[in-house]
Amino acid sequence: MILQLDNLSRSFGAVKVAQSLSYEVAEGEALGVIGPNGAGKTSMFNLITGTLAPNEGRVIFDGQDVTGASAAKRCRAGIARSFQVPQPFSGMTVFENAMIAATQAADLRGAEAERHCLHVLEQTELLAKANVLAGSLTLLERKRLELTRALCAKPKLLLLDEIAGGLTEAECQSLVQTIKDIHASGVTIIWIEHVVHALLAVVDRLIVIDFGKKIAEGEPRAIMESAAVKEIYLGIEADA
Amino acid sequence: MDWLNALIQGTLLGGLYALFAAGLSLIFGVMRLVNIAHGDLIVLAAYLGLVVTSAIGVHPILAMALVVPAMTLIGYALQRGLLNQTLGDDLLPPLLVTFGLSVILQNGLLEGFSADPQKLSAPGLETASVALGSISLGVLPLLTFGIAVAVIWGLQWTFYKTSLGRAFRAVSDNQDIAQLMGLNKRHIFGLAMALALAVTAVAGILLGLRTSFDPSSGGGRLIFGFEAVIIGGLGNLWGTLAGGVILGVAQTIGAKIDPGWQVLSGHIAFLVILAIRPQGLFPRMSG
């Protein structure tokens with residue numbers, strides 16, 4: 001198991017963003033996460049990356065209990081994420097953004113770090129923009145930069161937060177291909193996404209989250225057909 | 001010719017002010033910390049220089065070889081041990097804590113060295129000059145200016161060409177994301193303060209060579225440093241050098257009109273620039 005969530009709970013006052021959340025992710029797996037807005041999906045990522053501390057429960061990554069570890073430590077250990085709303089270092093160039101991840105998170109040095117960044121930039125199709133300030137990128141390019149930074153950290157576990165949102169169909173297709181390639185290279189992925197067809201093209205397994213609780217888990221197509229999902233997304237009563 | 005002389009002397013004096021300011025600018029740029037104790041740290045470095053020169057009898061310039069590493073270590077320890085705890089969304093705690101630190105430093109120095117003015121002496125260097133036509137330039141001011149340019153160039157290079165500089169800029173840009181990228185901001189802030197106090201050490205020694213100092217000299221140095229940073233514009237180190245030069249020139253021109261106007265005319269130049277261009281002359285950073 002690369003990642004194990006053990007009974008994670010977290011609430012903000014009366015709002016429960018995680019309720020006894022437990023699941024496991026095997027090495028090399030691609031896990032999809034769906035659920036309505038406000039279900040606690042992004043909070044779940046915050047719990048995994050360490051920017052949010054749980055009230056209860058444990059996060060076990062790569063055999064180590066990292067519940068008390070800082071975000072920086074978890075990043076070095078191999079957890080990288082892309083943000084739903086891209087947050088580049090806007091005063092720095094695309095290449096420098098990549099280099100921060102490569103040198104700080106992946107601990108690469110000098111020419112090796114540069115080579116790795118160039119390789120990733122090529123993979124994410126941002127090579128032509130390498131020397132542009134990140135603050136001047138378009139939304140699509142910023143999303144690619146999120147992916148670039150996460151990959152430059154040489155993650156064992158890659159968390160993607162609605163990376164396909166807001167893209168055109170063609171852009172979405174090429175991004176899906178990129179993510180497939182990354183997955184094929186051995187990176188374990190957890191992907192939160194509303195663009196379901198993009199998600200289904202990559203993931204092996206799907207979990208459904210609502211009110212911070214895992215309400216379904218299993219083979220993607222079966223889950224999408226399930227009554228619980230239909231109830232959440234289409235408002236059809238489960239027992240109707 | 002007298003005016004040209006004042007202009008050149010002022011420019012060279014500006015180098016010293018830029019050194020006062022560079023550390024302030026660096027710290028504010030990386031961690032948005034306004035260090036009220038900065039002037040007193042400069043004076044502390046001058047006293048450390050005094051201790052080293054009198055203990056082992058080396059030239060003050062050579063004493064930098066010990067004072068700079070000492071201040072670097074003090075900077076890192078100060079940041080990790082004290083100042084990191086004050087940083088957050090509120091600007092007030094670091095202001096209050098560094099103000100308190102300033103009081104402690106002044107009184108500590110008073111206790112240790114008395115209120116008598118002290119000076120670092122380097123007989124050859126203080127009086128040496130080179131003639132440039134009818135103008136004679138002191139070697140010490142020239143050296144100070146040269147060191148200031150080298151230090152600013154070095155800081156600029158560190159900021160834009162090294163992995164440490166990238167880390168400084170990333171933390172300055174977005175602390176939370178930088179943390180997620182595996183940067184330990186407490187450590188990075190410690191390194192930034194270490195670097196700032198290394199520059200402060202150089203500034204303190206050069207201050208001690210130029211004029212006499214006493215435990216209460218820090219406040220004035222802090223003001224000059226602030227003025228140079230604000231005139232130059234936040235986040236631009238070459239701007240800080242320009243700010244120092246403008247301040248230095250304003251002071252020497254003022255002193256030329258009436259010796260009592262030296263400091264006043266520097267403040268007036270600062271206020272005029274603040275009124276016309278509140279963001280400074282060459283700002284790189286917004287907010």
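Predicted model: local features only at pLDDT ≥ 70, side-chain atom pairs only at ≥ 80, totals over all residues.
The mean pLDDT of chain A is 88, and 97% of its residues reach 70 or more.

Residues are numbered from 1 along each chain as its sequence is written, and chains are lettered from A in the order in which they are written. Local features need pLDDT of at least 70, and side-chain atom pairs count only at pLDDT 80 or more, while totals for chains, interfaces and linings use all residues.

**Overall form.** Chain A has nine helices and ten strands. Helices (H or I, at least four residues) and strands (E, at least two) are DSSP runs, numbered from the N terminus. The C-alpha atoms of chain A fill a box of roughly 60 × 40 × 30 Å along the principal axes. Of the 240 residues of chain A, 47% count as buried. Buried means 20 or more other C-beta atoms within 10 Å of a residue's own; exposed means 12 or fewer, and partly exposed lies in between, with C-beta atoms placed from the backbone.

**A buried residue.** I192(A) sits in strand 8 of chain A. I192(A) counts as buried because it has 24 C-beta neighbours inside 10 Å. Leaving out residues up to four places away in sequence, I192(A) touches V33(A), K41(A), F45(A), L160(A), D161(A) and E162(A). Contact here means C-beta atoms, placed from the backbone, within 7 Å. R221(A) is 29 residues from I192(A) along the chain, and their C-alpha atoms are separated by 16 Å.

**Where the chains meet.** The contact takes 21 residues from chain A and 14 residues from chain B. On the side of chain A that touches chain B, helix 2 (71-77) and helix 3 (94-105) of chain A each give two or more residues. Helix 3 of chain A gives the largest share, seven residues. The classes on this side of chain A are as follows.

| Class | Residues of chain A |
|---|---|
| Nonpolar (Ala, Val, Leu, Ile, Met, Phe, Trp, Tyr, Cys and Pro) | ten residues |
| Polar (the others, Gly among them) | seven residues |

Terms used
pLDDT = per-residue confidence, 0-100. Contact = placed C-beta atoms within 7 Å.
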